[in-house]
Structures are given as structure tokens and as C-alpha cells.
Number of protein chains: 2
Amino acid sequence: MQMSPDTRSSPPAHTDLTRFLNPRGIAVVGASNDLSRIGGQPIRLLTEFGFTGKVYPVNPKYTEIKGLTCYPDIASLPKPCDVALIALSGAHVPGVIEECGKAGIPFAIVLSAGFGEVSDGKGLQEKLKAAINRSGVRIVGPNCLGVANLSIGMRAGFGGTLQMNTLKAGSIAMVTQSGGFGFGVVSTACYYGLGFNYVISTGNEDDLTMLDWVEHVLEQPEVDIVTVFMEGTTEGQRLLRIGERALQLGKPIVVWKVGDSAVGSKAVTSHTARLTAGPELFRAAFRRGGFVEVRDIDDLVDVCKAFLGRKIPRGNRVGVITMSGGAGVLLADRCTEAGLTLPKLTDATTAKLRETMVAYASPDNPVDATASGYNDNFAAFSKAVTFMLDDPNIDALIARCPRGKGAKPWAEGLVPILKNIDKPFLINWGTAPDDNADVLAYLEANGVPCILAPGRTAHALGALHEFGAKRRAHEARQSRATSRAIAKQALRFPVAAGALGEHHSKSLLRSYGIPAVEEKLFSPQEIDKLVQPPFAFPLVVKIESPDIPHKTEAGVVRLNITSADELKQAAHDVLVAAKKYKADARIDGILVQQMASGLEVIVGAVNDPHFGPVVTFGLGGIFTELLKDVTHRFAPFDVATAKEAMMEIKGAPLLTGYRGKPALDVDALADVLARVSLFIADHADRVAELDINPLFVRELGNGVLAADALVVLKV
Amino acid sequence: MQMSPDTRSSPPAHTDLTRFLNPRGIAVVGASNDLSRIGGQPIRLLTEFGFTGKVYPVNPKYTEIKGLTCYPDIASLPKPCDVALIALSGAHVPGVIEECGKAGIPFAIVLSAGFGEVSDGKGLQEKLKAAINRSGVRIVGPNCLGVANLSIGMRAGFGGTLQMNTLKAGSIAMVTQSGGFGFGVVSTACYYGLGFNYVISTGNEDDLTMLDWVEHVLEQPEVDIVTVFMEGTTEGQRLLRIGERALQLGKPIVVWKVGDSAVGSKAVTSHTARLTAGPELFRAAFRRGGFVEVRDIDDLVDVCKAFLGRKIPRGNRVGVITMSGGAGVLLADRCTEAGLTLPKLTDATTAKLRETMVAYASPDNPVDATASGYNDNFAAFSKAVTFMLDDPNIDALIARCPRGKGAKPWAEGLVPILKNIDKPFLINWGTAPDDNADVLAYLEANGVPCILAPGRTAHALGALHEFGAKRRAHEARQSRATSRAIAKQALRFPVAAGALGEHHSKSLLRSYGIPAVEEKLFSPQEIDKLVQPPFAFPLVVKIESPDIPHKTEAGVVRLNITSADELKQAAHDVLVAAKKYKADARIDGILVQQMASGLEVIVGAVNDPHFGPVVTFGLGGIFTELLKDVTHRFAPFDVATAKEAMMEIKGAPLLTGYRGKPALDVDALADVLARVSLFIADHADRVAELDINPLFVRELGNGVLAADALVVLKV
């Protein structure tokens, strides 16, 4: 399906989807009495797993299926019937949707395929969309595996995974753009102890989209975590808004995004054919909002377990306690990698640990309590855990779990203590999940996440910490009176679209307070008559032309001009070069500038069609182009965010004074980044992109100067 | 324990450890009739898990323990008794070792603690070492958890993990420097279907070391894979040799190395106090030899499973086939990350796939066979798998496994076909391990690895590919008549140790055919009398002094000298600067050089005390120092390896012609790297380190030039 913002001429009004997920009655349209078929499976699924609503098979061929009254058509269905589950061949679907509309059935799940996903299905897709618009029925699908609400036994779909007895109800929702894969993830996650309420396969998304569902389930109080298997979305800005909302609600959206590699992305296209932005903008969106990106089933499970513990650390300082030095070393390594630190414990804690533990234990973080716990039923180990949790130097604790007979009493002693402590406490389960499985289940039922491998434990705690940090940043953004101190000056855009000349581009930026090199535009005649140079030598001479955006490649730049004669010669040369490069180029004049110097950086901004305005920052030349040492932030943002972004690149030490070199004016640079973000955001309707390349960053107190700039207007 | 190569005055002769791992009799010295105690647990472990040898409790207090005759002392033990398991308090251990020697017991496992790992245990450690040397008894430990050979039911140790019924015998060996953690890993790996024969906790390594054990088990035909939990070793060169041997045998050493982070490394020190090299040299060793580095339990399990499939891919081209587009996209992403590529299938394969699969399937790699397999019992899916395995464009195949009732017949049909195909075939198991668990067990029993998550599947195949590539490189190294074409010229080292002057350093490098800038050494008087410059201007003037290795910082360099007057002035200036910088610096003269230019790179080499000679390469300045964009190779190596190393750095495109810039002389650069590696390796006894900084790399055909060099001799 080619989904672009304009394909739906008049989108149905936003609908509350609560009844969709909690239907009082479901009609199975195209019901079959062969319960293995696509029209029969839903009958079995809706009758054998305790669904609390009514089930109405619809098929004129039968009067009864599996003991249920079978209705000849939709018009004759009893009320209330909130959802029609459609398992007919594709051609019949648009008509059925219209009938649902007439019968007052507000929602439909279309399992049928043969629409936009196949080459000859576009016509049918258009018919379906027209039926949706006319009827007002909201649908999920077509070409989906269905919708489940495991908390009321609703399994409205088909396929092997929905038939598994091992699916468990819980407070996690799953929205998946790949039905088969996503349902498989749910079943595996249930095996590892997680439980789900809503599971939605979004199919072709001819009406309700992945983001519609994410937005809906995120708001439901019974949902603690939203998980998403995502191939892409064209609604980047909405994704950003949902991310902010997740932070506001304090609920993570655990997102598994695929299609990053070239071949993977091509496969996405052939699979459901979405227009998506590059992976780096998704990544930037995930990093800003209440998302936790995962990359495999294990991290999805681990991260969900960690969040179900319902405690977010206040900082990144972690304590580690084990009964084996090797495990402590390993956890220390991996915590460090996950952005956490292992601080020194307070002297008081260290003293208490020393007093409590055996002599050959190590009271330094990571604490090695040694295997001596097997001699005292973990009494000392329990105390040590409490001492560490109480340590003000520690924001979170990871412990390896005791095993054997003493483990259960240990856990039972610990759980009540943890109830009064608001720091996350994660267990790194030391053996297989079936070893002391009852202890594992007991701990997790009491909000103590037990993660199955040490690296995974560190990773999961890192995710909690990162969510906490983003939440604090979000709160700061909300509370800070948005500093709009910079007056939004009226911009008089020329009628033309496309690239503006350098001089014109810089004037626009100057109006936003972005400093640029001193420069003046001359006609060729004016240059010839010039007696005095406009500024002190050395100077730079360039062609000003909207048709030659890449001036160096075109050979229309002359640097380091040190005399009036050179200046005139240079003006002549660049004119000749410009005509040679592009005979019909519009020449707006000869631009004469002061030479400037400093560390070269690049500030770029685009109005991405999906995500909206975004600013890119990097060091000049090969740093950006070859080493890809760049960072992105969605606009607008403030100076603090600009600084944070600047410091993220690997080359950041070059800004702050590398190897005895003087520190550069990072405040002025951050100010310009924030101003660029305001410019691109304020004029999102007219400006497609802008580039300041290079921007010279000078020593502390000397500010920055844009040496070249390019603004491209939307066509 | 402080372990350095010289702590053992006269090491016992190398011993065959076969009997240690396959003892005919084991004496439990310090046996207890309380079977929960450290002296009692081994009695239980050795009698309840089918140990095929004899068990001899030793304790003068008893005549019988658990039905076994208890002996009063070692002298009275029956023969053959190959191993003494010592569970006495530390102070008694040296005496017992001497008794073992007298009684002809060749091996001992010392569980006892209180030796080098505690602050007041050094004396006891020395006594133990003396006893070992005098008696010739080879020991594992002290302070270890024991030794197991699960294939003969031998569990000679203590602790909870050894008591687990779920430990499985198999062809994997484990050598662990952290007993508690390593044994936990073994138990978890068994849960996921792996089996072990030898499991060795090395403890303090006062005699037999981790590498002794790795070397031994690697050679055993019944061992297919060696796994190692490693904190460190001082024997870097031996580690390298073992890595080569693993490649020769075609057996992977799956290594889990910890202690990389600062805090982790500190914890290693406090735990068992080893002197280790930095993690980057271990990583370089792992990358060269037959090691597969893993970072968590899951990858250890996955990599072992993949290798147990006993097929190594000939290249990195992978085919992917799934029944869900989303899974295919994901696998494509992760395979790409793992260094694999998804090539286009041949037209013939594509045509056959198109013919076999349903119309809406996608025959392009990653192939989406769709869920239609559930309608034909996976007949088309089976054929598609075979077609892909036959495709000459494909070196390995990853498939998602069908589930449900049809899965077993599918697997049974596939296994005989796979027996005749030498390409690796990995299954990405799509749901939980307990879903169709019998199919999973059947497949794995028949050499088809089933990996539990998609990213993990790609990672495991990537590990197989990397091992294959290293094995091919190893074979090339072996077969190539080692090109010693460069004559090893006699080097006349000065008597002094420490840094040599630049001129002296460059002469040494020139003798190895390493080109350097033209230069001449003058006395200050000679400079004053100079009429003609020694080379064409521009020139460089420097102080030649072994006491000023960092000349730029000392201000004793003048660049771009363009006249005789400037030259004399510069010579004067640098002399003054040198005296100011270091009043007593030895001045060997004034070095006059031709100015050179080109891309600045750095070639360094050190004789690491643990790993031996290693060469480092990177681009100049901030690339190396700030961005750490460097690569390492152990010396000596050939030109091909040098090129491979060069191309590994991120900045490599700068060498090969970045953005229309001319390509540089990479052949000449590779030649110099190889020559540097010969130099540092040939003179490992005298040379501590050398640095060529910068080496100028010029355009193709123009070679390279060392502009500055520093050789440091061992003190």
C-alpha cells in the first residue's frame, strides 16, 4: 500500500477505540464450520478461550456453527454487535463494510488479503477506502492477522500463535506491523513470564494505522507498557508527539524498528510498501521521546520486565553485589557500557559491609559477598543488599540471586523491604530459568525483575535510566517558559522557489541573529570601477547565483585576495568560470567577503517530509562527510539541548580545547544552533532546507561566523 | 596472586593431563561424613552421578563414609589413584601435596582457600609452590571449585551447580577463571541443550593455568569446542599460538573475556590480582586466532550451537527465507550488521521459487514464502529451502522454522537433504523454546542449530563466517613460503638504552627499506660555515637529541626554511630552545631535512610485555589521538595483512581517493607496515617501541616518506 498523507480524501472523525478492544459482540462474517479454515478459526478462538462477549457467525449456508446461531446476513444480527471480523474473499469486503455501517456496527477487522499489497489489488483498495469513508466504519487491516484482548479472552483473528494456550494476560500492549512476526514475539514473551492485554496486527493500514493504535493503547490506564514492531510510518511528527506524551504519562513505548539496512529496507518496501524516512530520524525520535528501542526478543522481554518493576532510577549510579567475583567484574563492564557508573560506596556503607560479610569478601562496588552465603542462609547477603540500597551514592542495585534451598526464604525476606524502597532493584538470574523457577516467579510477581543474563541485566537497567533522564528533560521542557526572546522577524521571501543565492541566504539568517562574515554584493561594473576594497584584505571573491549552489566545485570562488588588482582579476575569473560551468546561470553579482578562520563546523537543517524540522550538526569536511560524526535534533530546541547535541559528537573535544589548544566559543555556537532551529521551525511552510557550511567557530569570546550559507525554499 | 613469568623458579616438566581428567581413582582428602560440607559434597557428587572410577575418602577419624572404605592417610591408599581432591584447611595442603608425590599420585585438585588471594596468605602460597616443585605433583587451584568430566560422571568439586541433575554431557569443554560464574554458565548452557565434557575451575593457578587447560582440552579429539571464561593472562604470546592452533584444528575457542571497564578491571585485580594487558590486545589476539569472542550467555549458547552444526561457510553471502515479511526484514538488517551480505539469487533460483511458491510470495532474498505453508504442510517451503541451498550465490541459509503439527514432518524431510549439503543451515526459532520442543530437539540432534531470536541467529552465522575467514587466512599464512626477502641487516645498537635520536632512529628504519625524508646531521659549527644548503629549499631544521623525543612540544623544530640565512638563524634558535627546554640534554647535532608533504599517517610498534610485538596504524593527529581510529596487528605480518589492517580504519577512504582526490600509494604504505612489523619482531630482544609520526603518504606511484621517527630501546 502506498500510504501518503493525502490518500484519504476525508478521513473519518477520530473515534474512541475502546469498544473495538472490548466488544460486547463480534460477528464472524464468512464463518465456516471447518474450524481449521480462516473463517472457522475465529469461531474456535472466540469460544475456547473465555471470551466474555457474544459471538455471531454470519453465513447464509448454515443455521448453526459449533452450537452458535449462524445468521444469514449482517442486517439480521442481534445488537449490540461492536465488531465485524471479516474472513471473506477480498472482493466482498467493501460491500460488507457498507452493510456494517447500515447495521450500526462501528468497527471491522479485515483478515482478507488481495488489496494494496498485490499488484492488481489497487482498484479493490480504492473501493474499500470509499466504503470506509461512506459508512464511517473504522477498520483494522485488510491483510492482517487480527486483534486480541487477552484480558477478556478475545482472540479475534487467525493463525497458529493465537491458538497457543500459553498466551498470558497482562498489562503490556503490542501493536505490530508484521502480524506473523509480532504475534510470535508475543508468544515468546509470554513464555518468559510477560503478559499482554491488547495485541493488534495492523495489516495494510487502509484506515487505522499503527500510530492510531499506539496512541489509543498508550492512553489506557490498564496498559503499563506499549510494545511496537515497526516497519515505518510517514507520520514522523505524530511519532514525536506520541513520544512526548509517553514521557508525560511515564509509560515506555518499547519499539522494535526494522528495515535499517539497504536490503532490509528494500524488503520492507516489497512487503508493505511504506514511504519512510531514513533510520537516523527514527532513531533521533526514539531518543527524544518516551521510546525504548530494542533489537531482539530478549531485550524486549528484559526491558519490559525492568519497567514492570515500576521504579525509575534518579541517576546513573549503580551498585552491584554478587556471590562470585567474576560475575561482578562482568556486570561492572556491562553497566559501564550501558551508560551507568559504579560509584564508590559511602564510608558508612563500606564499614557496615565489612562488618557484616566474611573477611575474604570485597566491600568495594562491585561487592563480592562470596559464596559464603550458602553457610548462613544468605543472612549477611540480605543485609548487604539493604545496606547498598540505603547508600545515598547509589540510584539502583543489581544483585545476583542466591540459588538452592535458601533462595526462597531469602526472597521472601527481601520483598517486604523492597516495597519501601523507591530505587530499582534488578536480579541477574545466575542459572537457567528452570532452576528455582518458583523463586523467579515469586520475585517477578512481587515486582522484582529477574533478568536471565548479566549483560542483559545491565542493558535493562540502562534502559530504565535513559527513560528517567528523558522524562526529566521532558519535564524541564514543559516547565520552562519557552524562551521566545528572539523576535520572529518578518521574512520577505522572493516569489521564486528553490535555492537562494549565498548573500540572500545569509541576510535571512542574519535576521535571526546568526552572525555571518562581512560581505558586499557588487555588479561586475562596480568591481571594475572599485578604488578602495570594501573591507580590509585578505578578501574572498565569489559568484552570487541561485543556480550555482556548490560554488567550490564550480570553480567560482577565489580565496586570499590581497590587492585591488587581484580582486578585479578574481571577479573576472569567477564570472568566466560561472559561464563555463552553467551558461544560463542567473548571476546576481560578485560577492566580496572578508576572509575568516576558525574551526570549521557545519550546521544544517531540513524540513523532513515525515518528521518535520530537524537540525544537523557536525565538524566540517571529512568529519561529517566521511566519518559521519554528526548529530541530529528536532527543531525548535533551546541552547541547553544545542550544547548537549554538540557534545555528543566524537570530535567534541576540538570545541572545548583539545591538547592545550584554546577552548572555542561553544556558547556562541550553541546560540546559533538554537537560532537555526527556530528559523527552520518558524518557516517550515516555506523553507525546505538550509546549510551553513562552513561556520567558523573562534576562540572563547570571539563568537562564530557563517562563511557560506544556502537556503532552499520549497518548490 | 601476583603471577608473572618468573615466579616459578623451576617449572615442572609438561605433563599429559589426560589422566587428570579421566582418573581411575580419586582420593578425597579431608573427607567428611556430613555430605553437605566441603569435604562431604565430593563424596556425594562422585557416588551419585555415575562416576566410573574409584573413590577413596581419606580421614583418620572414620573407617567408612557412605559405604566407602575411608583411609587414614595417603600412604595407605590403594592404586591406581590418579587424583587427590583436597578439602583440608589451607595450612595442611603443602604437606599433603608432598605426600601425594611420595605415594605416586600425579594430580591434585585443591579446593582450599587462604593462599595468594588473601593478604596474609602469601607465605602459604610460597610453601605450596615449593611443595609442587619438590613433589612433581601437578595441581589445579587452590581456591577453585573443582574439575568435572561429565562424560564419565566425574564431578570432583563442590558447590550448588555441580549438584544439578540437569548438567548434560557433550563435546564442549569449559575452562573458567571464575568458578562460581563459569559453572553457572555451564548449567544455563545445558538448559539450552548444550552438553559438556570437561569443566575446569582454575582457581588461583599456582600451578596449572587457564592456558595450560585450554591447550590441553583443545587437543582432545572428543572436544569440539573450547569455551573459556577469562579474566586475563600474562602469557599473551602463548594465547596467540593457541589461537593459531585452534585455526589449524578447525575448533573454535569461544572466549568470554571480562574486566574491560576501568571499574571491572579494578575488580579483577582485587579478585585474583592478575597482571593483564589492555583489552585491545586481547581483542586483537581473539581477532587473529581461532577465537570467537562472546559477551553474554546467550551468544555463548548460540555460537556453540552454530559450530556444532559442523559446517563453515565459504563466504559471507547469506540467503534468508521466512514465512513473515517482517522477520525477513529484521534478519536482513541483522545479517548486514554481522558482516554478512544478502546477494541476489541466480535467475534460475528465482524462477524456481516463483514457480513453487504462491503468487503473493516474494522470491527475492530475503525470500518471503508467506504463511501459505500452513495450507500445504510446508511442501513449497521445503522446496524453496532446497533451491536456495543449491544456489551458487549463497554460502549459508537462515530459515524461520514452521510451527504446529506440520513442523515435525517438515523437519524430518529436510534433515536427510541437509546431510549432503555442506553449507551452514541455521534455523531462527520463531516462538518460545517450549513450543514444538520435540522438533527443536530433533533438529539440533541432527546438526541443525535452532537459535532462539533473529538477531542472535544472524550473529551466530556471522561468527561462523568470521571463523572461516580466519581459517582461510591462517592456511594462507602457513602455505606461503614466508617471504623473508628483506635481508635482516645487522643492527649495531649503541650501548645506551632508552630513546634514540631521530636521525639514528631513521637510519635503523632505512636499513629495513623504510623510506624517510632526505636529511643530514650537522654540528652547530658546520651550519655556521654552510655555503650551500644540503638539499633544495624549503627545508626543516630540528635538534637531534635522544633526550628530547617530543620535539614540537619542546619548540626545537623550524619548518619551511627558504634561505641560507633563515637556516642559520633556525639552527641557532633551536639550540637555544633545546637548552631552555632541558639544560642537560645531550645534543647530537642539528638535523636538516627536506620538507615533505602528503597525507599524515602514524605507524607505531611496541613489544608488549605480554603479547610481544604489535604494530599500530592510524591517520595522523586527531584521527589517532582523539578519534582513536587506529588498528592493531601482531608482528610479523605480510603485505596482505597490512592492507587489510589499513582498510579497517574509518578514515581509509582518505587513502584510496576520497571525493575525487587522487588515490594515494597504499601499496607503498602496506609495504612499510610489513617492514615495520619485521623490524619490531626481528629485534624484540632490544627494541621496546618505535614510532613513525608522521609518515607522509603521497599520490599513487610516489611512495611514502617517514618525516620523523623514534626508536626506543629496552632499558
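Helices (H or I, at least four residues) and strands (E, at least two) are DSSP runs, numbered from the N terminus. This is a predicted model: local features need pLDDT of at least 70, side-chain atom pairs count only at pLDDT 80 or more, and totals for chains, interfaces and linings use all residues. Residues are numbered from 1 along each chain as its sequence is written, chains are lettered from A and ligands numbered from 1 in the order in which they are written, and side-chain values use heavy atoms, leaving out hydrogens and water.

**Stop 1: helix 2 of chain A**

Select residues 41-48 of chain A, which form helix 2. Q41(A), P42(A), I43(A), L45(A) and L46(A) are buried there. Buried means under 20% relative accessible area, exposed over 50%, partly exposed in between (1.4 Å probe, protein chains only). These buried residues pack against several strands of chain A, including strand 1 (25-29), strand 2 (54-58) and strand 9 (154-157). Contact means heavy atoms within 4.5 Å. Now step to G50(A), which follows the helix; its phi is positive, near 80 degrees.

**Stop 2: both chains**

Show chains A and B together. Chain A can be laid on chain B with an RMSD of 0.3 Å, by a turn of 180 degrees and a shift of 0.0 Å along the axis. The two copies are thus related as by a two-fold rotation axis. The superposition is by least squares on the C-alpha atoms of residues with pLDDT of at least 70 in both. The copies meet through the same surface, because 100% of the interface residues of chain A are also interface residues in chain B.

**Stop 3: strand 13 of chain B**

Select residues 253-257 of chain B. Five of the five residues of strand 13 are buried, so this strand is largely enclosed by the rest of the structure. I253(B), V255(B) and K257(B) point one way, V254(B) and W256(B) the other. Strand 12 (residues 225-230) of chain B pairs with strand 13 in the parallel sense over five bridges. Two strands pair if DSSP finds at least two bridges between them. Find W256(B): F229(B) stands opposite. Strand 14 (residues 291-293) of chain B also runs parallel to strand 13, joined by three bridges. There, E293(B) is the bridge partner of V255(B).

**Stop 4**

Strand 22 (residues 539-544) and strand 23 share three bridges. End at V541(B), whose bridge partner in strand 23 is R558(B).
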